[in-house]
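I opened the notebook to record what I looked up in this model.

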Amino acid sequence: MPLDFQAETLLAAQDVRIAFFDIDGVLTDGGVYFTEHGETLKRFSILDGYGLKLLRLAGITPAVITGRDSKPLRVRLEALGIQHVRYGTEDKLPAAEAMLQELGFSWLQAAAIGDDWPDLPVLARVGFAAAPANAHAEVRDAVNYVTRARGGEGAAREFCDLLVTACGQYRRLLDAARGPRQ
């Protein structure tokens, strides 16, 4: 079974059809590594990546709005099949609004997970907001749910599991992953 999410948390997330993700501090640990040539390196959790794939299988659109842009980031999101991305976006609210209009979703059908002040405008508007355990205190205080896991260490997967559970698809997807029983 998934984490033991409280009933009121699942009810608050049951109508979500799109989930916005920040990158640094959510899908990564927030650290930035530089090679001797000045190239940026980031560490992504495979668990988090699989959670994004599960969202799509559950009928929830994963979307990314990030203040940064880099080749490794683009490669990772492409590998995960994330089609709705805004790179180098410091003002995230207009980017989220544009995606919602483009896809025909309302703010009440949206969820978001973020870790720092630039994420607050989107977190304040969505129907369901979350933050990793190590998010800034102001962000943790502003959301519906704080993950047990830290950013880059399973927080995004926990958020995805919550959304997949809330929409009633967790058991179906788990059974499909297990394959036919003998």
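The entries below follow the order of my look-ups.

**Basis.** I worked from a predicted model, in which local features need pLDDT of at least 70 and side-chain atom pairs count only at pLDDT 80 or more, while totals for chains, interfaces and linings use all residues. Residues are numbered from 1 along each chain as its sequence is written, and side-chain values use heavy atoms, with hydrogens and water left out.

**Strand β7.** I looked up β7, residues 128-131; strands (E, at least two residues) and helices (H or I, at least four) are DSSP runs, numbered from the N terminus. Phe128 and Ala130 on one side, and Ala129 and Ala131 on the other, are all buried (under 20% relative accessible area, 1.4 Å probe, protein chains only). In a regular strand the side chains alternate between the two faces of the sheet.

I then noted its partners. Strand β6 (residues 110-113) pairs with β7 in the parallel sense over three bridges; pairing requires at least two DSSP bridges. Ala112 stands opposite Ala129. The chain passes from β6 through helix α5 (residues 120-125) to β7 in a right-handed β-α-β crossover, that is, clockwise from the first strand over the helix to the second with the strands pointing away from the viewer. Strand β8 (residues 145-146) also pairs with β7 in the parallel sense, over two bridges, and Ala130 stands opposite Tyr145.

**Cores.** I looked up the nonpolar cores, which are sets of buried Ala, Val, Leu, Ile, Met, Phe, Trp, Tyr and Cys residues joined through side-chain atoms within 4.5 Å. The largest has 34 residues, and Phe128 and Leu163 are among those with the most contacts inside it. Helix α7 gives the most to this core, with seven residues. A second, separate core of 19 residues includes Ala110 and Ala129.

**Thr9.** I found Thr9 in helix α1 (residues 7-13). Thr9 counts as buried because its relative accessibility is 11%. Not counting residues up to four places away in sequence, Thr9 touches Phe128, Tyr145 and Leu162 (contact: heavy atoms within 4.5 Å).

**Aromatic pairs.** My search of the whole structure gave two aromatic pairs (ring centres within 6.5 Å; edge-to-face means planes over 60 degrees apart). The rings of Phe5 and Tyr145 have centres 5.9 Å apart and planes at 70 degrees, so this pair is edge-to-face. Phe5 lies in the segment before α1, 140 residues from Tyr145. Phe21 and Phe159 are also edge-to-face, at 5.5 Å and 80 degrees. Phe21 is in strand β1 and Phe159 in helix α7, so the pair ties together parts 138 residues apart in sequence.

How values were computed: Buried < 20%, exposed > 50% of the residue type's maximum accessible area, 1.4 Å probe, protein only. Phe/Tyr/Trp six-rings, centres within 6.5 Å; stacked < 30°, edge-to-face > 60°.
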